[in-house]
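Thanks, everyone. Have the sequence and the model on screen, and let's walk through the fold together.

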Amino acid sequence: MEVKKLKPEEIARIRRLGHQFAEECNLFGGFNPEYFEPIWSDLMSRGMAEVFYVEKDNELQAFLGAGFIADIYSGLPAANMQFWHIDPAYRKGSVAVRLFRAFEAEAEARGCRKIFVGHKEAFHKDSMSAFFQRNGYVKGETFYWRNK
């Protein structure tokens, strides 16, 4: 399966995986396509975001979404991974790594000097932290939230 970039007008194709991602991560508020899709398609149209994906039989099996804006402290070009999800049926192969490499290649092509990555506190959090560290990323921030 080849890694591709979603076109802004195709953003609704992520709905199945978006709901799956929100459920698996116990994402407060769930996944709201009516809110998500206009924002992301606009960001993608402006060249400020990309959604990388792989598909089988014309159905998305994995995606990684990233924003590309200047770092708020230094002004340096930066890449920010926003979400990354692989359908459980495709987690045994190389899909996740290929999506991540496509994200890193895009950051490189855009001249990004900083790359921010992270993960939700889901059941696979330890393996995600280990993956990032193996690939040269260092822990730079701990993030908390409170749901009301």
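First, a term. Buried means under 20% relative accessible area, exposed means over 50%, and partly exposed is in between, with a 1.4 Å probe and protein chains only. So at 18% relative accessibility, E104 counts as buried. E104 sits in helix α3. Helices here are DSSP runs of H or I with at least four residues, strands are runs of E with at least two, and both are numbered from the N terminus. The side chain of E104 makes a polar contact of 2.9 Å with the side chain of R101. A polar contact is a pair of N or O atoms within 3.5 Å; within protein, one must be able to donate a hydrogen and the other to accept it, and residues adjacent in sequence count only if both atoms are side-chain atoms.

Now the ground rules. This is a predicted model, where local features need pLDDT of at least 70 and side-chain atom pairs count only at pLDDT 80 or more, while totals for chains, interfaces and linings use all residues. Residues are numbered from 1 along each chain as its sequence is written, and side-chain values use heavy atoms, with hydrogens and water left out.

On to the sheet. What is the strand order? The open sheet has 5 strands, ordered β1-β2-β3-β4-β5, with mixed pairing. Two strands pair if DSSP finds at least two bridges between them. The edges are β1 (4-5) and β5, each pairing on one side only. β1 and β2 run antiparallel, joined by 2 bridges. There, K4 has Y53 in β2 as its bridge partner.

Neither is hidden. D57 is exposed, at 73% relative accessible area. N58 is exposed too, at 60%. Look at the backbone angles. D57 has a positive phi near 50 degrees, and D57 is not a glycine. N58 is not a glycine either, yet its phi is positive, about 65 degrees.

Move along to β3 and β4. They pair in the antiparallel sense over 9 bridges. G65 has F83 in β4 as its bridge partner. The two strands form a hairpin with 6 residues between them, and G75 in the turn has a positive phi of about 80 degrees. β4 is mostly covered, with 8 of its 10 residues buried.

On its other pairing, β4 meets β5 (residues 114-116) in the parallel sense, over 3 bridges. N80 stands opposite F116 in β5. The chain goes from β4 through α3 to β5, and this β-α-β crossover is right-handed. That term means that, with the strands pointing away from the viewer, the path from the first strand over the helix to the second runs clockwise.

Now the interior. A nonpolar core is a set of buried Ala, Val, Leu, Ile, Met, Phe, Trp, Tyr and Cys residues joined through side-chain atoms within 4.5 Å. The largest one has 21 residues, and L64, W84, L99, F100, F103 and F132 have the most contacts inside it. At least two residues each come from β2 (49-56), β3 (59-70), β4 (77-86), α3 (95-109) and α4 (125-134). Which element gives the most? α3 does, with 6 residues. Apart from this core lies another, of 17 residues, among them A22, F31, W40 and M44.

L99 is found in α3, and is buried at 0% relative accessible area. Contact means heavy atoms within 4.5 Å. Leaving aside neighbours within four places in sequence, L99 is in contact with V3, F52, Y53, V54, A62, F63, L64, W84 and I86.

Last stop, helix α1 (residues 15-24). Which of its residues are buried? They are L17, G18, F21 and A22. Seen down the axis, they fall within an arc of 135 degrees, so they line one face of α1. The arc is that of the directions from the helix axis to the C-beta atoms. Those buried residues pack against β3 and β4. After α1 comes N26, with a positive phi near 55 degrees.
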